[in-house]
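Visitor: Hello! Could you walk me through this structure, one question at a time?

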Amino acid sequence: MATIGRNRAVADINGVHLHGFFAWILWGLVHIRSIAGFSSKGIIFFNWAINYFTKNSDNRLIIRPFDKKTKKISTGIE
């Protein structure tokens with residue numbers, strides 16, 4: 001299963017190929033189900049619903065600085 005974007009996903013489950021909105025809903029249900037704790041599921045579902053209807057596209061990337069001299073990613077822990 002993988003999301004491609006808003007309202008789009010692909011899924012290959014036991015040889016059944018799904019795509020589009022239905023696969024996207026299925027992806028969301030599987031991920032909500034895998035979260036531990038009932039209250040966590042409710043909070044995450046509520047946040048997803050708000051973000052869906054408000055079209056919130058906050059950047060959720062974790063970016064670490066790259067040191068050009070050592071050609072390594074800095075962890076911040078030295």
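This is a predicted model: local features need pLDDT of at least 70, side-chain atom pairs count only at pLDDT 80 or more; totals for chains, interfaces and linings use all residues.

Visitor: In what order do the strands of the open sheet come?
Guide: Happy to start there! The sheet is open and has 3 strands, with antiparallel pairing. The strands β1 and β3 (16–19) are its edges, since each pairs on one side only. From one strand to the next, the twist averages 15°. The order is β1-β2-β3.

Visitor: How many bridges join β1 to β2?
Guide: In general, strands of a sheet pair through backbone hydrogen bonds, either parallel or antiparallel. Here β1 and β2 (residues 8–13) run antiparallel. A2 stands opposite V10 in β2. The number of bridges joining β1 to β2 is 3.

Visitor: Is the aromatic pair of F21 and W24 stacked or tilted?
Guide: This is one of 4 aromatic pairs in the structure. F21 and W24 are 3 residues apart in helix α1 (residues 21–34), so about one helical turn separates them. Their rings are 5.8 Å apart, centre to centre. Planes under 30 degrees apart would count as stacked and over 60 as edge-to-face, but here the angle is 35°, and the pair is tilted.

Visitor: What is the angle between the planes of W27 and W48?
Guide: W27 lies in helix α1 and W48 in helix α2 (residues 38–54), so this pair ties together parts that are 21 residues apart in sequence. W48 is partly exposed, with a relative accessible area of 34%. The two rings are stacked at 5.9 Å centre to centre, and the angle between their planes is 20°.

Visitor: Why does M1 count as partly exposed?
Guide: M1 is found in the segment before β1 (2–5). Partly exposed covers the range between buried, under 20% relative accessible area, and exposed, over 50%. M1 falls in that range because its relative accessibility is 42%.

Technical notes. Residues are numbered from 1 along each chain as its sequence is written. Side-chain values use heavy atoms; hydrogens and water are left out. Helices (H or I, at least four residues) and strands (E, at least two) are DSSP runs, numbered from the N terminus. Buried means under 20% relative accessible area, exposed over 50%, partly exposed in between (1.4 Å probe, protein chains only). Two strands pair if DSSP finds at least two bridges between them. Axes are lines fitted to C-alpha atoms, for helices over the stretch in contact, and angles run from 0 to 180 degrees between N-to-C directions. Rings of Phe, Tyr and Trp (its six-membered ring) pair if their centres lie within 6.5 Å; planes under 30 degrees apart count as stacked, over 60 as edge-to-face and the rest as tilted.
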